[in-house]
Amino acid sequence: MRSYFYESPSSFEELFQIGKTTSNEVKFLAGGTDFVPRLNYELNEVPKEGQKDLTIISLSKLGLDTISESDEEIKIGSMVTFTEMKKNNIVNKYFPVFEETIKELAGLSVRNVATIGGNIMNASPAADIVPTLMALDAVLVLKGPNGEREICSKDFFKGNGRTVAQEQEVLKEIVIKKQKGTSSFKKLGRRKAETLSVVNAAAYIEKENNICKKARITIGSVAPTVLRCKEVEEALIGKELTDETMKEASLKVIDSISPIDDIRATAWYRKKVSPVMVRRAIKSACDAE
Amino acid sequence: MSKILNFYLNGNPVEVIAKPEQNLLELLRDNIGLTSPKCGCNRGDCGSCTVILDDKAVKSCMVLALTVEGKKVVTVDGLVKGEELHPIQKAFLEYGAPQCGFCTPGMVMAATAFLLENPTPTKYEVKEALSGNLCRCGGYDKYTEAVLAVSRGEFGPVLKGSEINV
Ligand SMILES: Cc1cc2nc3c(=O)[nH]c(=O)nc-3n(C[C@H](O)[C@H](O)[C@H](O)COP(=O)(O)OP(=O)(O)OC[C@H]3O[C@@H](n4cnc5c(N)ncnc54)[C@H](O)[C@@H]3O)c2cc1C
Ligand code: FES
Ligand code: FES
């Protein structure tokens with residue numbers, strides 16, 4: 001069996017130093033709701049031979065658990081838990097869509113520890129916060145030994161479980177521009193509570209006299225990563241937002257998705273419900289104030 | 001590499017040796033011998049391992065033991081005052097909610113933490129708060145009704161966060 005080590009650095013310098021000096025595999029720990037079940041599973045298996053030892057680095061002492069606001073944007077630290085985010089005044093004032101999203105994400109006792117950063121870095125195609133972040137065009141800030149870099153959420157995910165982040169890079173914060181449109185998130189699970197998405201979708205809409213000026217539509221759980229649906233967006237922009245145009249535009253999502261059969265649903269079913277979820281998200285974003 | 005871990009368990013300071021790969025549930029049950037939190041799945045799905053960590057319900061199988069350094073952990077054992085049961089426990093008994101009882105310690109902790117946050121919930125809110133706690137005997141309705149009865153004060157005043165830590 002491999003050996004395990006635990007570190008809880010109180011500064012980034014200390015953290016990068018640990019990374020530099022160890023030959024072990026390094027894993028960051030946020031709330032642990034993805035990581036610890038995986039570790040439990042690993043410990044129950046017959047140990048793999050030749051596996052590197054594992055150093056677990058807790059991110060809890062780096063001061064990444066604050067939410068702040070400036071004139072143009074809000075910043076959410078990667079270690080903010082979903083429970084904190086759901087009741088935060090700044091978040092609720094500018095982006096009520098987060099409350100709508102978080103309500104659908106896991107259950108209370110998971111949200112009490114699960115962080116927004118963990119949900120993003122886990123890079124699951126079913127991660128519920130990601131469609132919302134992409135619909136809001138959020139920017140993700142990575143910090144590594146060689147400094148910080150900003151990446152737009154739509155360019156961040158490279159595949160199931162894979163992001164552009166390098167092994168040493170920590171997701172520091174999420175930056176979202178204040179904007180004048182409205183948004184909404186819709187989730188379809190196998191049951192109502194505490195379940196992963198079969199399909200989820202989010203929409204951001206800017207309109208004038210009910211004509212769509214800007215749209216960002218995203219869908220999750222139907223491809224290796226959460227997707228931006230350009231075809232749907234193009235079908236909406238410049239049109240009047242009637243039930244008919246929304247329905248027509250939503251059907252275009254079929255062209256961008258590549259769903260698979262898994263334990264939650266079949267590809268066939270996902271294809272059937274994807275346009276429905278997209279349409280509901282668009283409609284609800286249009287109706288939101 | 002094991003480390004020395006200090007935290008408060010049901011109001012008492014404890015010092016134990018914990019392995020980095022151990023979760024809090026295993027630490028409580030195997031290292032400390034406190035078997036009230038149950039292991040139903042060891043992967044966050046069932047809620048039978050729920051404890052209160054710094055006034056919030058958490059599933060202890062998903063909390064790495066070493067991360068509770070300096071924090072306050074409460075299990076059902078910390079809710080009883082001598083022979084006197086906590087109002088939630090009294091209500092669960094009175095309503096006959098537990099059948100096999102395996103989910104009960106987790107239900108008690110989830111419900112207690114929830115009432116600290118929201119002392120006057122609706123039925124829907126109670127159901128939602130307990131949605132991460134599975135009961136394979138199907139006692140959901142009775143658990144929900146019992147929590148509502150406690151929130152109406154039928155089983156005496158509900159303790160405040162600071163009081164349950166002693
Ligand atoms: C019962 C249950 C129900 C769930 N339901 C849902 C659901 O409905 N919707 C949903 O989307 N998810 C759900 N999840 C998955 C999980 O809870 C979320 O993905 C959660 O947000 C993960 O956050 P965490 O802080 O616990 O991450 P962790 O487990 O601590 O970390 C996850 C991964 O990200 C890495 N990481 C974490 N933070 C950073 C950072 N700042 N920088 C770099 N890397 C980092 C870690 O190394 C690890 O690989 C559920 C999980 C369980 C157990
Ligand atoms: S044992 Fe922890 S949730 Fe099932
Ligand atoms: S009483 Fe048997 S599992 Fe709930």
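How many salt bridges does a search of the whole structure find over all chains? In this predicted model, in which local features need pLDDT of at least 70, side-chain atom pairs count only at pLDDT 80 or more, and totals for chains, interfaces and linings use all residues, side-chain values use heavy atoms, with hydrogens and water left out. Residues are numbered from 1 along each chain as its sequence is written, and chains are lettered from A, with ligands numbered from 1, in the order in which they are written. Over all chains, the search of the whole structure finds 22 salt bridges, a salt bridge being a side-chain nitrogen of Lys or Arg within 4 Å of a carboxyl oxygen of Asp or Glu.

Within chain A, one of these pairs is formed by the side chains of Glu69(A) and Lys178(A), with an N to O distance of 2.9 Å. Glu69(A) belongs to strand S4 (residues 67-69) and Lys178(A) to the loop between S10 and strand S11 (182-189) of chain A, so the pair ties together parts that are 109 residues apart in sequence; helices (H or I, at least four residues) and strands (E, at least two) are DSSP runs, numbered from the N terminus. Glu69(A) counts as partly exposed at 39% relative accessibility, and Lys178(A) counts as partly exposed at 23%, where buried means under 20% relative accessible area, exposed over 50%, and partly exposed in between (1.4 Å probe, protein chains only).

A salt bridge also joins Lys187(A) to Asp128(A), whose closest N and O atoms are 2.8 Å apart. Because Lys187(A) lies in strand S11 and Asp128(A) in the loop between helix H7 (116-121) and helix H8 (129-135) of chain A, this pair ties together parts that are 59 residues apart in sequence. Both Lys187(A) and Asp128(A) are buried.

The side chains of Asp137(A) and Arg216(A) meet in a salt bridge with an N to O distance of 4.0 Å. Distant parts of the chain are linked by this pair, since Asp137(A) is in the loop between H8 and S6 and Arg216(A) in strand S13 (residues 211-220) of chain A, 79 residues apart. With 29% relative accessibility Asp137(A) counts as partly exposed, whereas Arg216(A), with a relative accessible area of 8%, is buried. Through salt bridges that share partners, Asp137(A), Arg216(A), Arg228(A), Lys230(A) and Glu233(A) are joined into one network.

At the interface between the chains, 28 residues of chain A are in contact (heavy atoms within 4.5 Å) with 26 residues of chain B. The two chains bury about 2100 Å² between them, 61% of it on carbon and sulfur atoms, buried area being the accessible area (1.4 Å probe) that two parts lose on being put together, summed over both. In chain A, the residues that lose the most area to chain B are Tyr6(A), Asn40(A) and Ser109(A), which together account for 25% of what that side buries. Across this interface the rule finds one salt bridge, and the side chains of Lys59(B) and Glu194(A) meet in a salt bridge at 2.5 Å, N to O.

Strand S1 (4-7), helix H2 (35-44) and helix H6 (108-111) of chain A each supply at least two residues of the side that touches chain B. H2(A) gives the most to that side, with six residues. The residues of the side of chain A that touches chain B divide into 14 nonpolar, nine polar and five charged, with Ala, Val, Leu, Ile, Met, Phe, Trp, Tyr, Cys and Pro counted as nonpolar, Asp, Glu, Lys and Arg as charged, and the others, Gly among them, as polar.

In helix H1 (residues 12-21) of chain A, the buried residues are Phe12(A), Leu15(A), Phe16(A), Ile18(A) and Gly19(A). These residues cover an arc of only 150° around the axis, which puts them on the same side of H1(A), the arc being that of the directions from the helix axis to the C-beta atoms. The buried residues of H1(A) pack against S1, strand S2 (25-29), strand S3 (54-58), strand S6 (139-144) and strand S10 (170-177) of chain A, whereas the face turned away from the buried side carries the exposed residues Glu13(A), Lys20(A) and Thr21(A).

Finally, backbone geometry may be considered. Asn209(A), although not a glycine, has a positive phi of about 45°, and Asn210(A), also not a glycine, has a positive phi of about 65°. Asn209(A) is found in the loop between strand S12 (197-208) and S13 of chain A, and Asn210(A) is found in the loop between S12 and S13. Asn209(A) counts as exposed at 75% relative accessibility, while Asn210(A), at 28%, counts as partly exposed.
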